[in-house]
Amino acid sequence: MYFFLKEPKSDKLTPIYLIYYLKSQKKNFKYSTNQTIHPDNWNSESRMPKAKRGASGAELKHTSSMLSMYSDFLDEKVKELDKQNTPITRELLKQLFDEEFKHKSTKQESRFLTEAIQDFIDTKGKSNGQSDSWNQKYTNLKNKLIAFEDKKRKKIEFTSITQDWIDEFCGFLRIIKVKPFKPHNDNTLHRTINFLITVLIWSEGKYHNIDLKKIKNPVNKYQPDDVFLTDKEIQVLEKFQFPRESLERARDLFLIGVYSGQRYSDYSIFEKADIHGDMIIKKAEKTESESFIPLHPKLKALLDKYDWQLPKISNQKFNKRIQEACKLAGFDEKIKEIIYSGTKKEIVYNLKYKMISSHTARRTFITLSSEKGMPDHIIMKITGIKDPKTLIKYKKTSQKSVVDSMQKYWG
């Protein structure tokens, strides 16, 4: 028995078949494993996927696991039939494989969730030119589902997706320790299930006919203890002399976010073509809503510093660099954080710089603007936020503001 590729010289994914030589019939039994692989990732000597690291390695390992499931099943049935002195024929093996794997034809990709997610990623990428972070979110979702398949030793079919299945998947994610993933708290879990539901909505009619009215996200979000920078910390960051240019660039990008109130995906790609008078008018990549951003002196000075050709840094690298920059700047206050996971509540203490990310800039703008008295409708016009409830989630209050207000009204 061995596996072979349908098109070993293809420049795209090709199906993997199982071959078993039947001595009695002097013929080969050929069966589709319903797995696909790029020929570059196939070891022609071992006739198995190559071993690699990272996300692609995890997917190849999953493919190997699924192929092993087919070979184990074949070994088991051959031994069983030998003991029964039952003649092994291609027709009998096909019947047994079909019963085990519910395989009606060699074109079954549409029945499986992980393949549909890849189609979703590829299709959206071609039509909308999605960002790297968007792509990573759904690739991570696919890899989490692959880890779930590995645990169950069974590919996820759309026919198995019910509310009970969603609940079981949530339980798996609460304890997952498959690199690079960690056990999910309620917010991470809520977000992951929302991504899954987005794929199910997109694939309805094309891949399945699930009654999506019966599928709900069973996990409630909690309001995280997000941080923002104070006016004083912003001033420290503005004046701080960093030992490396990479940290200075990260600081500058962060301040552009603070001065503009935009998401990183938007404020990292400002262009002169966006200028209209004394304002930058920008359509958000995520929501398509327009933001009207005053081009005030501090923002303009930083954009001019780079001649509007802002440094290209991935969101992940940026977060690491801005945390290092804020550590050097001395933002090491201890922050109490409450994390919820189902019925469990955990209290942890983090140093402030470790909680700062690209999104902290947007939260800082909204919080400080509100504390300075800027009306909500103006903040929403600048940030592109349409729902007042969303704005409230961004607003934080500093201890100093609380003390100042208390002294003002009760002093």
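A salt bridge is a side-chain nitrogen of Lys or Arg within 4 Å of a carboxyl oxygen of Asp or Glu. By that criterion, the whole structure contains 17 salt bridges. The model is predicted: local features need pLDDT of at least 70, side-chain atom pairs count only at pLDDT 80 or more, and totals for chains, interfaces and linings use all residues. Residues are numbered from 1 along each chain as its sequence is written, and side-chain values use heavy atoms, with hydrogens and water left out.

**Terms for position and exposure**

- Helices (H or I, at least four residues) and strands (E, at least two) are DSSP runs, numbered from the N terminus.
- A residue is called buried under 20% relative accessible area, exposed over 50%, and partly exposed in between (1.4 Å probe, protein chains only).

**Salt bridges**

- Side chains of opposite charge can pair when their charged atoms come close.
- Lys94 and Asp98 form a salt bridge with an N to O distance of 2.8 Å. Both residues belong to helix H2, four residues apart, which is about one turn of the helix. Lys94 is partly exposed because its relative accessibility is 41%, whereas Asp98, at 19%, counts as buried.
- Glu238 and Lys298 form another salt bridge, and their closest N and O atoms are 3.1 Å apart. This pair links distant parts of the chain, since Glu238 is in helix H7 and Lys298 in helix H10, 60 residues apart. Glu238 has a relative accessible area of 24% and is therefore partly exposed; Lys298, at 45%, is also partly exposed.
- Asp252 and Lys305 meet in a salt bridge of 2.7 Å, N to O. Asp252 lies in helix H8 and Lys305 in helix H10, so this pair ties together parts that are 53 residues apart in sequence. Asp252 is buried, with 2% relative accessibility, while Lys305 is partly exposed at 44%.
- A network of salt bridges links Glu248, Arg251, Asp252 and Lys305.

**The largest nonpolar core**

- A nonpolar core is a set of buried Ala, Val, Leu, Ile, Met, Phe, Trp, Tyr and Cys residues joined through side-chain atoms within 4.5 Å.
- The largest such core has 47 residues, of which Leu237, Phe254, Leu303 and Phe318 touch the most other members. At least two residues of this core come from each of H7, helix H8 (245-260), helix H9 (264-267), helix H10 (297-305), helix H11 (315-328), helix H12 (358-371), helix H13 (376-383) and helix H14 (388-394). The greatest contribution to this core, eight residues, is made by H8.

**Contacts between separated positions**

- Ala361 is part of helix H12 and is buried, with a relative accessibility of 0%. The C-alpha atoms of Ala361 and Leu255 are 7.0 Å apart, although 106 residues separate the two along the chain.
- Pro87 sits in the loop between helix H1 (54-83) and helix H2 (90-101). With 63% relative accessibility, Pro87 is exposed. A distance of 8.1 Å separates the C-alpha atoms of Pro87 and Ser24, which are 63 residues apart along the chain.

**Backbone features**

- Most residues other than glycine have a negative phi, and most peptide bonds are trans.
- Arg47, which is not a glycine, has a positive phi of about 55°. Arg47 is located in the loop between strand E4 (42-43) and strand E5 (48-49), and is partly exposed at a relative accessible area of 34%.
- Trp308, also not a glycine, has a positive phi of about 65°. The loop between H10 and H11 holds Trp308, which is buried at 5% relative accessibility.
- The peptide bond from Lys179 to Pro180 is cis, with omega near 5°. Pro180 lies in the loop between helix H5 (163-175) and H6.
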